[in-house]
Amino acid sequence: EDLTVVKAYTCSQMFDLNENRGDDSVAALLRLALICSNFSKDEHKERHTNNIERSIETACIDYAGMSKTDIDGLYPKIAELPFNSDRMLMTTVSAINGNPISITKGAPEVVLNRCNNIDVEQTAEIASLLAKEGLKVISVAIKQLDEIPTNPNSDELENDLTFVGILGIEDN
């Protein structure tokens, strides 16, 4: 199955990527989504996840001119809390401009409730509208860290987040 990122919602603005290249906020959202990704070696087990990751990478190359290799070189991954179906989240810690930042990606119903800079209900409604269009919906949020976590865990990294955006991914 081929997946394509077709919608991006950032800073209370929706972009239809088929019609509009978006702006820097879209490029930043795609970059963050790509930093927080992990292509599994076990293709069969994680095929679905890999297709989502690949679609994000393709969009990131289109909109931000960056591949996963570029991203990993620029923003080295320091730590990772892998996606699991209980949390419905994945979080990585990377150095961005020399500062450790955790990036969390996952199901909007989980991510949005952990953000402190948005109207959760209003933003959840946008995610829901994208889902009603038949899109797979992923939310991205970040957290500035004072230091590199010695023992990265969900309580520390996946709360008090700053909402970055939502991606709508079409199943072609």
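## Asp 160

At 53% relative accessibility, Asp 160 counts as exposed (exposed is over 50% relative accessible area, buried under 20%, partly exposed in between, with a 1.4 Å probe and protein chains only). Asp 160 sits in the loop between helix H6 (154-157) and S7. Helices here are DSSP runs of H or I with at least four residues, strands are E runs of at least two, and both are numbered from the N terminus. Asp 160 is not a glycine, yet has a positive phi of about 55°.

## Model and confidence

This is a predicted model, in which local features need pLDDT of at least 70, side-chain atom pairs count only at pLDDT 80 or more, and totals for chains, interfaces and linings use all residues. Residues are numbered from 1 along each chain as its sequence is written, and side-chain values use heavy atoms, leaving out hydrogens and water.

Mean pLDDT, the predictor's confidence in each residue from 0 to 100, is 90 for the protein. A value of 70 or more is reached by 93% of residues. Residues 40-45 fall below 50. Beyond near neighbours in sequence, this stretch makes 4 contacts in the model (a contact is heavy atoms within 4.5 Å). Where pLDDT is low, the predicted coordinates should not be read in detail.

## Overall fold

The protein has 6 helices and 7 strands. From the N terminus on, the order is β-β-α-α-α-β-β-β-α-α-β-α-β. The radius of gyration is 15 Å, close to the 16 Å from the globule rule for 172 residues, so the protein is as compact as a globular protein of that length. The radius is taken over C-alpha atoms, and the rule is 2.2 Å times the number of residues to the power 0.38.

Along the principal axes, the C-alpha atoms fill a box of roughly 40 × 35 × 30 Å. Of the 172 residues, 49% count as buried. Among contacts with a separation of 6 or more, 62% join residues 24 or more positions apart. The protein exposes about 8700 Å², with carbon and sulfur atoms supplying 46% of that area (Shrake-Rupley method, 1.4 Å probe; for residues, only the protein chains shown count as cover).

## Nonpolar cores

A nonpolar core is a set of buried Ala, Val, Leu, Ile, Met, Phe, Trp, Tyr and Cys residues joined through side-chain atoms within 4.5 Å. The largest holds 33 residues. Val 5, Leu 30, Leu 32, Ile 56, Ile 103 and Leu 167 touch the most other members. At least two residues each come from S1 (3-10), H1 (24-35), H2 (47-64), S4 (89-96), S5 (99-106), S6 (136-144) and S7 (162-171). H1 gives the largest share, 8 residues.

Leaving aside neighbours within four places in sequence, Leu 30 contacts Val 5, Ile 56, Ala 59, Cys 60, Tyr 63 and Leu 167. Another core, of 17 residues, lies apart from the largest one; its members include Val 6, Ala 107, Val 111 and Leu 112.

## Cysteines

The count of disulfides (pairs of cysteine sulfur atoms within 2.5 Å) is 0. Cys 11 is in none; the nearest cysteine sulfur, in Cys 115, is 13 Å away. For Cys 115, the closest cysteine sulfur is that of Cys 11, and 13 Å is too far for a bond.

Is each of these two residues buried or exposed? Cys 11 is exposed, at 59% relative accessible area. Cys 115 is buried, at 8% relative accessibility. Cys 11 lies in the loop between S1 and strand S2 (13-16). Cys 11 also has a positive phi, about 45°, although it is not a glycine.
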